[in-house]
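Reader: I would like to go through this entry and ask what stands behind each label.

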Amino acid sequence: MPGLILQHPIRTLDRQLLFPQRTLLTKEILDALIDSHRTYSYPASSLLLYGSVKQDCSNFLSTPPFVTIFSDRKEINDLLSLLETVQYPVPILQSLDYFKEHDFYTYAHVLMVFALSTFLAKDLLPDHRERIRLSATGPTHDSGKVSLPLHILKKTTPLTRTERGLLEHHTAAGYVLLGYYYKDTQHLACKVALDHHERGDRSGYPRGLLLEDPMVEIIAACDVYDALIMPRPYRSGAYDNRTALEEMTEMAKQNKIGWDIVKALIAHNRKSNPHYKEITISAEKRGTPPSYNVYGIIAEEPDSDDRVT
Ligand SMILES: [Fe+2]
Ligand SMILES: [Fe+2]
């Protein structure tokens with residue numbers, strides 16, 4: 001149970017208010033929300049048979065930077081076709097349409113986190129059913145962003161503390177929205193949505209908890225990696241792959257994410273494709289981060305006078 005006080009309201013994609021600001025999330029109110037529409041049945045669809053998702057995924061994976069990791073197309077196609085059997089309530093998939101139309105960064109991001117985590121889970125999770133269960137959470141890990149104003153997601157200059165709080169709200173919003181549509185807040189997708197920004201040194205959000213669930217950790221690491229190697233509104237460009245992997249290595253050194261996932265990423269970026277347990281990581285840093293990057297920089301709040309005018 002989260003025990004979180006909501007800093008902002010939670011709304012569905014069609015603007016239905018599920019919880020107002022300052023709601024304390026308890027098991028009782030979450031159960032009551034789910035019970036209120038338990039008899040309602042949502043149509044379901046496979047992710048990969050929904051709209052142009054499969055074609056878009058295939059296009060992203062065939063172009064740099066992903067084509068280096070996903071060089072074995074047959075293996076990828078086999079993995080993805082396994083997931084055609086995984087069904088989602090359609091309102092969850094509609095968030096992908098929304099992102100595709102209004103925030104293409106997020107659309108490409110959730111699909112690539114899905115592809116990366118599906119791929120790396122093959123190394124890191126021995127149980128086949130667990131891998132499928134994890135893969136199904138990649139496309140929905142940022143579903144809570146439908147509850148945020150688009151200008152926050154697209155801002156190119158530093159966020160204020162208030163805006164940063166709003167951005168971080170996507171974790172709790174995702175937890176509630178996915179619990180609402182799955183009618184089960186124990187669903188792994190809810191845990192992933194809530195905890196994928198937590199870190200192994202407790203420096204993450206929303207609760208500053210220890211990131212220790214290996215399933216969530218895979219999504220968390222793929223989330224960071226994709227955010228580095230793809231363009232973002234708040235930077236002048238993407239990290240090149242070498243620099244991104246150096247950033248990931250630095251995070252492992254600081255105990256923010258685990259070594260196995262970083263080694264698996266590095267292994268798949270090497271031409272010889274060694275097993276991740278057999279690789280050694282160079283201590284030498286040779287990469288160059290993008291010149292303009294305001295991620296993590298907090299801007300002054302505007303004066304109240306400015307807000308009025
Ligand atoms: Fe996120
Ligand atoms: Fe994400």
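Reader: Are D142 and D223 buried or exposed?

Author: This is a predicted model, and in it D142 and D223 are both buried.

Reader: Why is D142 called buried?

Author: The relative accessibility of D142 is 1%. Buried means under 20% relative accessible area, so D142 at 1% counts as buried.

Reader: What makes H170 buried?

Author: H170 has a relative accessible area of 2%. The cut-off is under 20%, and H170 is therefore buried.

Reader: Which residues are the protein donors of the iron ion (ligand 1)?

Author: For the iron ion (ligand 1) they are D142 (OD), H170 (NE2), H196 (NE2) and H197 (NE2), 2.1 to 2.2 Å away. Their spacing in sequence is D-x27-H-x25-H-H. The angles among the 4 donor atoms run from 86 to 176 degrees, and this site is irregular. D142, in the loop between α7 and α8, and H170, in helix α9 (residues 161-182), are 28 residues apart and link distant parts of the chain.

Reader: Which residue bridges the iron ion (ligand 1) and the iron ion (ligand 2)?

Author: D142 bridges them, and the two ions lie 3.5 Å apart.

Reader: What makes Y292 partly exposed?

Author: Y292 has a relative accessible area of 37%. Buried means under 20% and exposed means over 50%, so Y292 at 37% is partly exposed. Y292 lies in the loop between α13 (259-269) and β6 (298-299). Leaving out residues up to four places away in sequence, Y292 touches T156, T157, P158, Y234, R235 and S236. Y234 and Y292 are 58 residues apart in sequence, with a C-alpha to C-alpha distance of 7.9 Å.

Reader: Which residues touch the most other members in the largest nonpolar core?

Author: They are F70, V176, Y225 and M248, in a core of 90 residues. Helix α6 (residues 104-124) gives the most to this core, 13 residues. Beyond its neighbours within four places in sequence, F70 is in contact with L61, I76, A115, L116 and F119. There is also a second, separate core of 6 residues, among them L148, L153, L159 and L167.

Reader: Why does the radius of gyration agree with a compact globule?

Author: For 309 residues a compact globule would have a radius near 19 Å, and the protein has 19 Å, so the two agree. The C-alpha trace spans about 55 × 50 × 35 Å along its principal axes. Of the 309 residues, 52% count as buried. The secondary structure comes to 14 helices and 6 strands.

Terms used:
Residues are numbered from 1 along each chain as its sequence is written. Chains are lettered from A and ligands numbered from 1 in the order in which they are written. This is a predicted model: local features need pLDDT of at least 70, side-chain atom pairs count only at pLDDT 80 or more; totals for chains, interfaces and linings use all residues. Side-chain values use heavy atoms; hydrogens and water are left out. Buried means under 20% relative accessible area, exposed over 50%, partly exposed in between (1.4 Å probe, protein chains only). A nonpolar core is a set of buried Ala, Val, Leu, Ile, Met, Phe, Trp, Tyr and Cys residues joined through side-chain atoms within 4.5 Å. Helices (H or I, at least four residues) and strands (E, at least two) are DSSP runs, numbered from the N terminus. Contact means heavy atoms within 4.5 Å. Donors are N, O and S atoms within 2.8 Å of the metal (3.2 Å for Na, K and Ca); water is not among the atoms, so sites may look incomplete. Four donors count as tetrahedral if all angles lie between 85 and 135 degrees; four count as square planar and six as octahedral if opposite donors are over 155 degrees apart and all others between 65 and 115; anything else is irregular. The radius of gyration is taken over C-alpha atoms; the globule rule is 2.2 Å times the number of residues to the power 0.38.
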